[in-house]
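Let's take a walk through this structure together. Have the sequence and the 3D view open, and follow along from stop to stop.

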Amino acid sequence: IIHRDRRLLLGLLLILIPLIVWARDYIPMGFGFWIGLAIFPFTFSNIDQNQGSHRYLFWALGFGSLHLLLGNKMLLFMTAICSMLWLIESKKGKVGYLPMIQGFLLTPFLNAWMNLFTFPLRMYQSKQIGAILSRLGLEVEVQGNRFLVEGYGCMIEEGCLGIHTLIFSFLLTTFILSLRGSSVNYSLLKMGIWYGLAFVLAFVANLIRSLILVIFRSPPDTFGHELTGIISVIAFVGLPIWWLGTTASTSLVKRETLQFSQKIDSSFLSAAIALWPVLVGSFLLYAHFFKAEPEIDSLNEMHLAHFEKEQKKPDVAQFRNEEILLYVKAPCSPWRSDHNPQTCWSGSGFTFDHVEMITNTAGYPMMVGKLIRKDEVLYTSWWYDNGQRITADQWKWRKAVFKGDHPYYLLNLSMENKENLLKELEAIRPGSKGLIE
């Protein structure tokens, strides 16, 4: 078998070895990564050997073109994954979309997305938990994504089980679908329905899990806390997905003993390669007219009285004095991730104990959070400012820039005293006149 498939193995190794070396610095090798890696081989358990496909070549070309345009590492990773899947499907048969989806779940993209965009969902969940506990006769005080139940504090955050609940639910869904032979012929739309269902069930599972933890006052980093999370995901995500998959599946793909082998049509390959510069040219043309470039020059020229400035990165400037630590981050394109404080502070070893959205007396919204690292405590606030408008909502500034609005700077202000921080926030206006002039 090795002799027969040596070209395929050689092609896979030529992609896989550089990918592993490069991915060490890109992918966090946490518990979730190793679970996802263990599940990955199962996504190849059902191969339709009766037909091959070149579709992943176009996926690879698309991801590669977008990587050249946006410079996003996730796109480069997916280019490599799709290239390997193209080699497999063109030689052995169709493997379906599960391997590509599983490869995507191994990237940090979903972690970043959850940190950036699921905060309103966690705020909503905190309110629902508070309402349920109040109906049970308990004294509850909701503070953003944190709530106090008769003196016991709990926070709805993106992580549990040492990994993210949503990611764990998606990985479990992938494993269940990989055991169903019919999944090899699922379309992307049908796959989207399954993972959308997993998203909803993960929300329900986390709601029930949080209620149990609060009622029984199970603190974090204990066996009971972790076990409750595992059981909740399996019971309220895994079992429903398994049951629905059993009832919805009409037939399994029959395994064929005949080996599929298909030579690559040279004319088809030439046409595909010729299409690549067309794709790149189209993306670059689009970017020339519509891409919002970071205003690095204006950031380099920015200076604040009574502050020491340090340029941390080309698009990140730090201003510091005895009381205030301020980061000013240059605008980025609305389809790219920014230097979100919830991600950056976590990377510095801090954890968010409490996060909420406030509005100063002038009516401008800001996010405010409490940071803890061992015995160190900081209070931090951040908002987006384009000189005319201020928002704390990721969706709003991205939507506004897409419609042609001026690009938004991200400002992150931190102090050791919460009262002093709130006083500084009262002076904030569009253009950040309270700080930047």
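**A charge, some rings and a sheet**

Start with Arg-55: its charged end sits over the ring of Tyr-97, 4.4 Å from the ring's centre. (A charge sits over a ring if NZ of Lys or CZ of Arg is within 6 Å of the ring centre and within 35 degrees of the ring normal.) Another such case is Lys-329, whose charged end sits over the ring of Tyr-327, 5.8 Å from its centre. Before going on, some ground rules: this is a predicted model, where local features need pLDDT of at least 70, side-chain atom pairs count only at pLDDT 80 or more, and totals for chains, interfaces and linings use all residues. Residues are numbered from 1 along each chain as its sequence is written, and side-chain values use heavy atoms, with hydrogens and water left out.

Now for the rings themselves. Rings of Phe, Tyr and Trp (its six-membered ring) pair if their centres lie within 6.5 Å; planes under 30 degrees apart are called stacked, over 60 edge-to-face, and the rest tilted. By this rule there are 11 aromatic pairs. One of them joins Tyr-56 and Tyr-97, edge-to-face at 6.2 Å centre to centre with 70 degrees between the planes. This pair links distant parts of the chain, 41 residues apart: Tyr-56 is in helix α3 (residues 55-70), while Tyr-97 is in the loop between α4 (73-91) and α5 (98-106).

Next, look at strand β11 (residues 376-385), where eight of the 10 residues are buried. Which strands does β11 pair with? Two strands pair if DSSP finds at least two bridges between them. Strand β10 (residues 365-373) runs antiparallel to β11, joined by seven bridges, and here Leu-371 has Leu-378 as its bridge partner. Seven bridges also join β11 to strand β13 (residues 409-415), again antiparallel, with Ser-381 opposite Leu-413. With strand β12 (residues 390-391), β11 pairs in the antiparallel sense over two bridges. The hairpin of β11 and β12 has four residues between the strands, and Gly-387 in the turn has a positive phi of about 90 degrees.

Finally, the charges around these strands. Side chains of opposite charge can pair when their charged atoms come close. A salt bridge is a side-chain nitrogen of Lys or Arg within 4 Å of a carboxyl oxygen of Asp or Glu, and the whole structure has four. Among them is the one between Glu-376 and Arg-373, at 2.9 Å, N to O. Another joins Arg-389 and Asp-405, whose closest N and O atoms are 2.7 Å apart. Arg-389 lies in the loop between β11 and β12 and Asp-405 in the loop between α14 (394-402) and β13, so the pair ties together parts that are 16 residues apart in sequence. Arg-389 is partly exposed at 39% relative accessible area, whereas Asp-405 is buried at 17%.

Conventions: Buried means under 20% relative accessible area, exposed over 50%, partly exposed in between (1.4 Å probe, protein chains only).
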